[in-house]
Amino acid sequence: EKRVLLHSCCAPCEGEVLETLLESGIRPTAFFYNPGIHPEREYELRKREDKRFCDKVGVEHVDADYDVENWFERTQGLEREPERGARCTVCFDMRFERSALYAHENEFKVFSSSLGISRWKNMEQINRCGERAADRYPDLTYWTYNWRKAGGSHRMIEISKRERFYQQEYCGCSYSLRDTNKWRLANGKEKIAIGENFYG
């Protein structure tokens with residue numbers, strides 16, 4: 001396939017993936033659907049950086065809804081789950097179900113996500129969620145390529161520094177913000193300052 005729908009979580013993770021796809025002769029479309037990002041100011045920062053890079057490299061950027069209330073409803077009861085736990089599975093399912101629907105409606109045969117390039121994420125967990133979402137539609141495949149391999153993780157940082165991307169300091173949801181700030185305070189660090197840190 002020469003067309004791929006790429007669910008994009010943020011510009012730092014997306015940068016290396018988009019460049020690799022383009023260099024490989026694959027035409028990606030970036031699908032930005034991340035309703036769990038909190039607060040809204042953080043969401044808008046990440047979305048803006050995502051679109052800025054897409055515009056620079058000539059990739060279509062699809063801005064999906066910020067239906068945060070739906071996200072909180074789906075994760076209700078999972079507020080104390082650890083990172084990579086059941087709450088993350090619900091979050092990935094929600095994002096990939098919407099991505100798969102868009103892929104189906106727009107005749108993409110393959111979709112994937114930039115989420116897996118982050119070393120903070122569980123690749124197997126992500127792939128299971130992606131494959132489950134793809135199984136809802138005939139002739140749709142979730143591409144489980146490991147974007148970290150062949151130096152992908154290193155290039156991700158290089159591109160982030162080159163592009164001076166906004167450098168988020170937590171996964172994105174209100175619970176990861178809560179837990180990250182709790183850890184930082186316990187280790188003598190300041191709370192996260194939203195919108196202040198950039199690569200470079």
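This is a predicted model: local features need pLDDT of at least 70, side-chain atom pairs count only at pLDDT 80 or more; totals for chains, interfaces and linings use all residues.
Me: How many aromatic pairs does the structure hold?
Reply: Two rings pair if their centres lie within 6.5 Å. In this structure, the number of aromatic pairs is 16.

Me: Is the aromatic pair of Tyr43 and Tyr66 stacked or edge-to-face?
Reply: The two ring centres are 4.0 Å apart, with 25 degrees between the planes. Planes under 30 degrees apart count as stacked, whereas those over 60 count as edge-to-face. The pair of Tyr43 and Tyr66 is therefore stacked.

Me: How many residues apart are Tyr43 and Tyr66, which link distant parts of the chain?
Reply: Tyr43 belongs to helix α2 (residues 40-57). Tyr66 lies in the loop between β3 (60-63) and α3 (68-74).

Me: Is Tyr43 buried or exposed?
Reply: The relative accessibility of Tyr43 is 1%. Because buried means under 20% relative accessible area, Tyr43 counts as buried.

Me: Why is the pair of Trp71 and Tyr175 classed as it is?
Reply: The ring centres of Trp71 and Tyr175 are 6.0 Å apart. Their planes meet at 25 degrees, and the limit for stacking is under 30 degrees. The pair is therefore stacked.

Me: Which helices hold Trp71 and Tyr175?
Reply: This pair links distant parts of the chain, with its two residues 104 residues apart. Trp71 is in helix α3, and Tyr175 is in helix α7 (residues 174-186).

Me: Over the ring of which residue does the charged end of Arg46 sit?
Reply: The charged end of Arg46 is 5.2 Å from the centre of this ring. The ring belongs to Tyr170.

Key: Residues are numbered from 1 along each chain as its sequence is written. Side-chain values use heavy atoms; hydrogens and water are left out. Helices (H or I, at least four residues) and strands (E, at least two) are DSSP runs, numbered from the N terminus. Buried means under 20% relative accessible area, exposed over 50%, partly exposed in between (1.4 Å probe, protein chains only). A charge sits over a ring if NZ of Lys or CZ of Arg is within 6 Å of the ring centre and within 35 degrees of the ring normal.
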